[in-house]
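Morning, everyone. Today I want to walk through the pockets of one model.

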Amino acid sequence: MSRISDAFQKRKSLIAYITVGYPDIETTLRLVPLLEENGVDIIELGIPFSDPLADGVTIQNASYQALQNGVTPEVCLSVAALLKEKISIPMVFMGYYNPIYNYGLTKFCQKCATAGVSGFIIPDLPPGEAQDIDFAATEAGLDIIFLLAPTSTDERIKLVAAKSRGFIYLVSHSGVTGATANLPADLSSFVNRVRKTARQPLAVGFGISTPEQAQNIAKFSDGIIVGSRILQLVQTDPSLEKVATFIRQLRQSLD
Amino acid sequence: MPKVDSTGKPGYFGKYGGQFVPEILVPVLNELEQAYEQAKKDETFQSRLKSLSNTFSGRPTPLYLAERLTEHLGGARIYLKREDLAHTGAHKINNALGQGLLALHMGKKRVIAETGAGQHGVATAAVCAMLGLECIVYMGEDDIKRQALNVFRMKLMGTEVRSVSSGSRTLKDAINEAMRDWVSNPETTYYIIGSVVGPRPYPAMVRDFQAVIGQETKAQSLRQLGGLPDCIVACVGGGSNAMGIFYDFIPDQSVRLIGVEAAGSGISTGKHSATLSAGKVGILHGAMSYLLQDEHGQVIETHSISAGLDYPGVGPEHSYLKDNKRVEYVSVTDEEALNGFKLLCSLEGIMPALESSHAIAHALKIAVGMPKNKNIVINLSGRGDKDMDIVQKAMGVKI
């Protein structure tokens, strides 16, 4: 069992996404241990990209700001290596394929392993295109977490269930990342449909921004993923107190 | 050389192409691919496409001998494939009509599109008006300013033009926004991509809808020139007009095929859009192809006087044709394109789009060194009315 799937064993998993270097590197280094202290089980470190087409305005802006701050895949690896000394929860990179491809797939996977990163999520890389990186990741002992969406057919579910390692990322609704007031009513049937085929833990992301939503979704999933709302709170409160409070509330809602 | 576009893996041209998209779009793309494969064999679909190509789009477009330009240069004879005479003023109508009919065929009532220069947006707006489809076009804020006339044309035809203010505020960002719309509305919406870019099946499908340009050019050449042309020159941004005219000639090794990219202020200045000349392999907008990117894999901002060429990527089939050397890819600067523009206006009474002016500028360079009995065909992909403001400013002329 991998470090990532292990994280789902003890309780409903709380997975937090942040963009590396938003609003600056120093904040990232403070924020991640704080997220762990307040109940996060897995941290997703976002590698910024110039064209994040699966993301809504919050993560787009954070990526833009991080790129302005000079954040590169190399910097993200260095940040992960520093965080490895400060936290004990697994780290996952989330990034678009081009910067990773450009870095070199084998080199990237090896460096991830050295930096203490346990796997990655690449939103524009479905399993049909992932053979090369899958080989490099397997060699380096890393998980690749694939995504499924409500539009996914049974055939796609079978494919992702065969390829995804660590957990499967279930996109809650048709759309991009970002906080939404209303999540689809039939979310549970989507998760249950995947559950019939997949043995991996199932975590739901996209649009989750309140403890109430988290609690409802955790009734039928193994974990929830929150991103945009965290970045919004970081932006409005550099002391990070609001983020800490929010994460504690999410934790309570899941336990 | 056969017109083989794949080395076995569906949607690939050599190592280029693919379907690098969020999972939510994979089933939608598969549905589109099946619908397109079915439409290719559907006689009703094909006969309606043919009929509307003739009566709505105005096909076939003529192959015109530019006598005064030929005389002025004193070299090879220059012919123009007059896509500027197609309805809405550019080759873009061929693809918009094909995909508009496909949207209807698939029962989708809402169409989205992206546009740079506005020509694809105008063509899509026209087709949607004619077919009774709702139409939303994404366009970069900067392109909205420099192509105001086309924005007005789209609105007159009932299309909603949505301004995109993220990133470089040009075509690349308009595509990002259109894709965000599509992942948000995958079941109701048809996305008419405007060039031979994007995930499978778009590059091959758009090429097929544009291949009529080359098919006509071949038949017209045999009739008017008594044989195949010696050289075909076309501009390349995403590359749809070029793929359209090249495709039927790929097996004809005697025909030299040249794609012309935008060198902007000059490749050495870094302010250009010459993807195949100066880019390296990467992944953007659903496909692996050549890409303008920095050393960290971030897509860089491009520059061209022509909004339609101002794009950091290129169709994957062009990348394949570059690597196997069937097509030569070159670039010309803004200034050279403007000179080509002015020469065609003054000698032939034809005002080309700034995109097409790049092809003209390169043809001018090579024609002088070629014997008089040789024939060059330039794909005049669109007309230049939309570019009047830009040309006026570049020439320092006030009206």
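Start with the second largest pocket. By class, seven nonpolar, five polar and seven charged residues make up its lining. Here Ala, Val, Leu, Ile, Met, Phe, Trp, Tyr, Cys and Pro count as nonpolar, Asp, Glu, Lys and Arg as charged, and the others, Gly among them, as polar.

Some ground rules. This is a predicted model, where local features need pLDDT of at least 70, side-chain atom pairs need 80 or more, and totals for chains, interfaces and linings use all residues. Residues are numbered from 1 along each chain, chains are lettered from A as written, and side-chain values use heavy atoms, without hydrogens or water.

A pocket is an open set of points on a 1 Å grid over the protein atoms alone, where a 1.4 Å probe fits, with protein on both sides within 12 Å along at least five of seven lines; lining residues have an atom within 4 Å of a point. Volume is the space filled by probe spheres set on the points, which are joined across faces, edges and corners.

The second largest pocket holds about 400 Å³. Its lining has 19 residues, with B:Leu49, B:Asp208, B:Phe209, B:Val212 and B:Gln215 closest to the centre. H2(B) gives the most, five residues. Helices are DSSP runs (H or I, at least four residues), numbered from the N terminus.

Now the largest pocket: about 500 Å³. It has 28 lining residues, and among those nearest its centre are A:Phe49 and B:Gly167. H3(A) contributes the most, six residues. The lining divides into seven nonpolar, 14 polar and seven charged.

How values were computed: Helices (H or I, at least four residues) and strands (E, at least two) are DSSP runs, numbered from the N terminus.
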